[in-house]
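Subject: Structure for your review

Dear colleague,

Please find below the structure that I am handing over to you.

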Amino acid sequence: MLDKFRFNHWYFVLMLLLFSIEFIIGADFHDAIIRPYGGDFLVVILIYCFIKSFINTPIVSTALGVLLFSYLVEISQYFHLVTLLGMQHSKLAKIMLGTSFSFTDLLAYTLGIGLVIVIENLRLSMKNF
């Protein structure tokens, strides 16, 4: 079990890069495409890289776990979880959990995880080539 826990500096560096991009998008972009869709597309990749930075888990199960988590967060927005928890005045809670449900966010998460699976499989096939 402990052999699953190991630090992978490549995933960690990629996670930090993605976090920086997400921060820039959140702070500087106020458009109708990059901020709402680009951020959602990248956030699932960021979460995947965060997990893979510390735990050696299978690609597909990790990617699908991140996708399921993202879907659950999005569905919680449909039910206004931030308000139900009494955290509607917390800026951090609203950033972390979100406040508005969107089917296009689900699509962006799916496309982001799809890219992860494609790139990871290409990386493995190149390694075995």
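Predicted model: local features only at pLDDT ≥ 70, side-chain atom pairs only at ≥ 80, totals over all residues.

Residues are numbered from 1 along each chain as its sequence is written, and side-chain values use heavy atoms, with hydrogens and water left out.

**The chain as a whole**

The protein chain contains six helices and zero strands, in the order α-α-α-α-α-α along the sequence. Helices (H or I, at least four residues) and strands (E, at least two) are DSSP runs, numbered from the N terminus. Along the principal axes, the C-alpha atoms fill a box of roughly 50 × 35 × 25 Å. Of the 129 residues, 29% are buried; buried means under 20% relative accessible area, exposed over 50%, and partly exposed in between (1.4 Å probe, protein chains only). Among contacts (heavy atoms within 4.5 Å) between residues at least 6 apart in sequence, 65% join residues at least 24 apart.

**Helix H2**

Helix H2 covers residues 34–54, and its 21 residues should span 30 Å at 1.5 Å a residue; the end C-alpha atoms are 29 Å apart, which agrees. The expected span is 1.5 Å times one less than the number of residues. Buried residues of H2 include Leu-42, Val-44, Ile-45, Leu-46 and Tyr-48, and also Asp-40 and Lys-52. Against what do the buried residues of H2 pack? They pack against helix H1 (9–28), helix H3 (59–78) and helix H6 (103–128).

Two packed helices are described by the angle between their axes and the distance between the axes. Axes here are lines fitted to C-alpha atoms, for helices over the stretch in contact, and angles run from 0 to 180 degrees between N-to-C directions. Angles under 35 degrees count as roughly parallel, over 145 as roughly antiparallel, 65 to 115 as roughly perpendicular and the rest as oblique.

The axes of H1 and H2 cross at roughly 155 degrees and come within 8 Å, so the two helices are roughly antiparallel. H1 passes H2 in a left-handed crossing; a crossing is left-handed if the near helix is turned anticlockwise from the far one by less than a right angle, and right-handed if clockwise. The contact of H1 with H2 is made up of 17 nonpolar, three polar and three charged residues. In this classification Ala, Val, Leu, Ile, Met, Phe, Trp, Tyr, Cys and Pro count as nonpolar, Asp, Glu, Lys and Arg as charged, and the others, Gly among them, as polar.

H2 and H6 pack at about 45 degrees with their axes 8 Å apart, and are therefore oblique to each other. Here the crossing is right-handed. By class, the contact of H2 with H6 has 13 nonpolar, two polar and four charged residues. On the H2 side the residues include Phe-41, Val-44 and Tyr-48, and on the H6 side they include Ala-108, Leu-111 and Leu-115.

**Helix H3**

The 20 residues of H3 should span 28 Å at 1.5 Å a residue, and the end C-alpha atoms are 29 Å apart, which agrees. Among the buried residues of H3 are Ile-59, Ala-63, Val-66, Leu-67 and Glu-74. The cover over the buried residues of H3 includes H2, helix H4 (81–84), helix H5 (91–97) and H6.

H3 and H6 pack at about 170 degrees, with axes 10 Å apart, which makes them roughly antiparallel. Residues in this contact include Val-66, Ser-70 and Tyr-71 of H3 and Tyr-109, Ile-113 and Arg-123 of H6. The contact of H3 with H6 divides into ten nonpolar, two polar and four charged residues.

Leaving aside neighbours within four places in sequence, Gln-77 is in contact with Leu-97, Gly-98, Thr-99, Ser-100 and Phe-101.

His-80 lies in the loop between H3 and H4 and is partly exposed at 47% relative accessible area. Its phi is near 55 degrees, a positive value in a residue other than glycine.

Pro-58 is in the loop between H2 and H3 and also counts as partly exposed, at 47% relative accessibility. Pro-58 and Phe-69 are eleven residues apart in sequence, and their C-alpha atoms are 16 Å apart in space.

With kind regards
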